[in-house]
Amino acid sequence: MTDTEEARPTQNWEDIGRALADVTSGKTEFVVLSKGEFGDDYIQTSLWNSGVILRPSYVTEISISTDNGARHYRLKTKDFNTILNAFRAYFDGWDPVVTKWDDVTDEFE
């Protein structure tokens with residue numbers, strides 16, 4: 001799902017890559033990738049700061065369901081490759097959260 005398109009199913013990484021490229025070009029403001037219906041499991045990214053002087057910055061959030069409720073993490077970065085890698089890991093079934101992500105679970109309780 002993006003701000004310009006309704007949620008739709010896809011198993012195609014190229015569709016997701018194009019949607020993410022639209023964030024970097026400014027064609028869309030955000031992208032959300034979820035497993036099944038939008039719920040506790042999703043990863044999303046958006047432009048955080050347009051970076052007129054110092055390059056654009058992006059914010060990415062992920063929510064992953066566990067037996068004890070959902071975990072929520074946030075990452076702010078200028079390196080869009082980090083975001084691409086996180087989306088790819090999530091798409092491939094891996095948990096992309098690493099030490100640089102902030103645990104923001106308390107904000108969602």
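How many salt bridges does the structure hold? The answer is five salt bridges, and several of them are described below. Please keep in mind that this is a predicted model. The chain has two helices and five strands, and from the N terminus on these elements run α-β-β-β-β-α-β.

**The chain as a whole**

- The chain has 109 residues, of which 36% count as buried.
- Take the contacts between residues at least 6 apart in sequence: 48% of these join residues at least 24 apart.

**The helix pair**

- Two packed helices are described by the angle between their axes and the distance between the axes.
- Here, helix α1 covers residues 13–25 and helix α2 covers residues 80–91, and the two pack with their axes 11 Å apart, at an angle of about 155 degrees.
- Because angles over 145 degrees count as roughly antiparallel, α1 is roughly antiparallel to α2.
- The crossing of these two helices, α1 and α2, is right-handed.
- Which residues meet where α1 and α2 come into contact? From α1 come Trp13, Ile16, Leu20, Val23 and Thr24, and from α2 come Phe80, Leu84, Phe87, Arg88 and Phe91.
- Sorted by type, the residues of the contact of α1 with α2 are eight nonpolar, one polar and one charged.

**Salt bridges**

- As a reminder, side chains of opposite charge can pair when their charged atoms come close.
- Another salt bridge joins glutamate 61 to arginine 74, with 2.6 Å between the closest N and O atoms.
- This pair links distant parts of the chain, since glutamate 61 sits in strand β3 (residues 57–66) and arginine 74 in strand β4 (residues 69–77), 13 residues apart.
- Are glutamate 61 and arginine 74 buried or exposed? Both glutamate 61 and arginine 74 are buried.
- Glu61 and Arg74 are also linked with Glu107 in a network of salt bridges.
- Arginine 71 and aspartate 95 form a further salt bridge through their side chains, at 2.7 Å, N to O.
- Here too the pair links distant parts of the chain: arginine 71 is in strand β4, while aspartate 95 is in the loop between α2 and β5 (102–103), 24 residues apart.
- Arginine 71 has a relative accessible area of 25%, so this residue is partly exposed.
- Aspartate 95 counts as partly exposed because its relative accessibility is 39%.

**A look at isoleucine 83**

- Isoleucine 83 is a residue of helix α2.
- Why does isoleucine 83 count as buried? Its relative accessible area is 1%, and buried means under 20%.
- Leaving out residues up to four places away in sequence, isoleucine 83 touches Thr45, Tyr58, Thr60 and Thr77.
- Valine 59 is 24 residues from isoleucine 83 along the chain, and the C-alpha atoms of the two are separated by 8.8 Å.

How values were computed: Residues numbered from 1 in each chain as written. Predicted model: local features only at pLDDT ≥ 70, side-chain atom pairs only at ≥ 80, totals over all residues. Heavy atoms only, no water. Axes fitted to C-alpha atoms, helices over the stretch in contact; angles between N-to-C directions. Helix = DSSP H or I, 4+ residues; strand = E, 2+ residues; numbered from the N terminus. Parallel < 35°, antiparallel > 145°, perpendicular 65-115°, else oblique. Left-handed = near helix turned anticlockwise from the far one by under 90°. Contact = heavy atoms within 4.5 Å. Nonpolar A, V, L, I, M, F, W, Y, C, P; charged D, E, K, R; others polar. Salt bridge = Lys/Arg side-chain N within 4 Å of Asp/Glu carboxyl O. Buried < 20%, exposed > 50% of the residue type's maximum accessible area, 1.4 Å probe, protein only.
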